[in-house]
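Colleague: I am new to this structure and would like to know what lies behind some of the labels used for it. Please take me through a few of them.

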Amino acid sequence: MLDEEQKSLFMTWLGEHGSSVMKVARAYTLTSEECQDLAQEILLQAWRSLPNFEGKANAVTWFYRVALHTAMNWHRKDRRRRLRQQPLLEVQALAAEDANSAEQCQHRDTVEQLYKAIQQLPQTDAALVLLYLDELSYGEMAEVLGISESNVGVKLNRAKKVLSELMKGESHGA
């Protein structure tokens with residue numbers, strides 16, 4: 001693939017699937033600086049991997065696969081540093097007129113609680129939940145994670161139950 005073609009394709013995919021990069025980065029980090037660093041690492045890996053794209057997967061599943069593998073590797077490598085960090089207190093700004101409304105505060109709290117719960121899941125379950133939240137089909141999730149569609153359903157149901165417990169504040173001993 002020529003550099004200009006590659007750049008054009010990458011920019012198109014980034015426009016279409018860039019939000020998935022931030023979702024994955026946010027789910028695997030504790031601070032906003034760390035989130036930005038991981039997002040940059042994901043984009044760098046996606047750029048480097050683009051010449052190897054064979055067209056066997058569609059763009060969204062390929063982009064997610066790169067993002068999740070990069071985040072999981074990054075998460076594994078930086079474990080010691082993360083143990084010393086404080087959780088992310090701010091959540092992405094919500095687009096609305098009144099930033100101090102009670103409804104938005106409640107929404108921010110719920111989103112923060114959800115991300116904290118997702119971070120407590122095993123990595124593959126966290127990845128599956130992120131794909132589910134981004135409304136990928138079972139087939140697309142299976143393709144990204146390299147598992148069968150029926151396994152996606154089983155794992156997703158289990159992950160939802162654990163997430164529900166975590167969101168209620170119950171401890172999970174997994």
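**Labels and their grounds**

Modeller: In helix α6, the buried residues are Asp-125, Ala-126, Ala-127, Leu-128, Val-129, Leu-130 and Leu-131. Keep in mind that this is a predicted model.

Colleague: Why is the pair Lys-23 and Asp-134 called a salt bridge?

Modeller: The closest N and O atoms of Lys-23 and Asp-134 are 2.4 Å apart. The cut-off is within 4 Å, for a side-chain nitrogen of Lys or Arg and a carboxyl oxygen of Asp or Glu, so the pair qualifies. The structure holds one salt bridge.

Colleague: What parts does the pair tie together?

Modeller: Lys-23 sits in helix α1 (residues 3-27), while Asp-134 is in the loop between α6 (123-133) and α7 (138-145), so the pair ties together parts that are 111 residues apart in sequence.

Colleague: Why is Asp-134 called partly exposed?

Modeller: Its relative accessible area is 21%. Buried means under 20% and exposed means over 50%, so Asp-134 falls in between. Lys-23, with 29%, is also partly exposed.

Colleague: What makes Cys-35 buried?

Modeller: Cys-35 has a relative accessible area of 5%; the limit is under 20%, so the label buried applies. Cys-35 belongs to helix α2 (residues 32-49).

Colleague: Which residues is Cys-35 in contact with, leaving aside neighbours within four places in sequence?

Modeller: They are Met-22, Ala-25, Arg-26 and Thr-29. For Ala-25, ten residues from Cys-35 along the chain, the C-alpha atoms of the two are separated by 5.2 Å.

Terms used: Residues are numbered from 1 along each chain as its sequence is written. This is a predicted model: local features need pLDDT of at least 70, side-chain atom pairs count only at pLDDT 80 or more; totals for chains, interfaces and linings use all residues. Side-chain values use heavy atoms; hydrogens and water are left out. Helices (H or I, at least four residues) and strands (E, at least two) are DSSP runs, numbered from the N terminus. Buried means under 20% relative accessible area, exposed over 50%, partly exposed in between (1.4 Å probe, protein chains only). Contact means heavy atoms within 4.5 Å.
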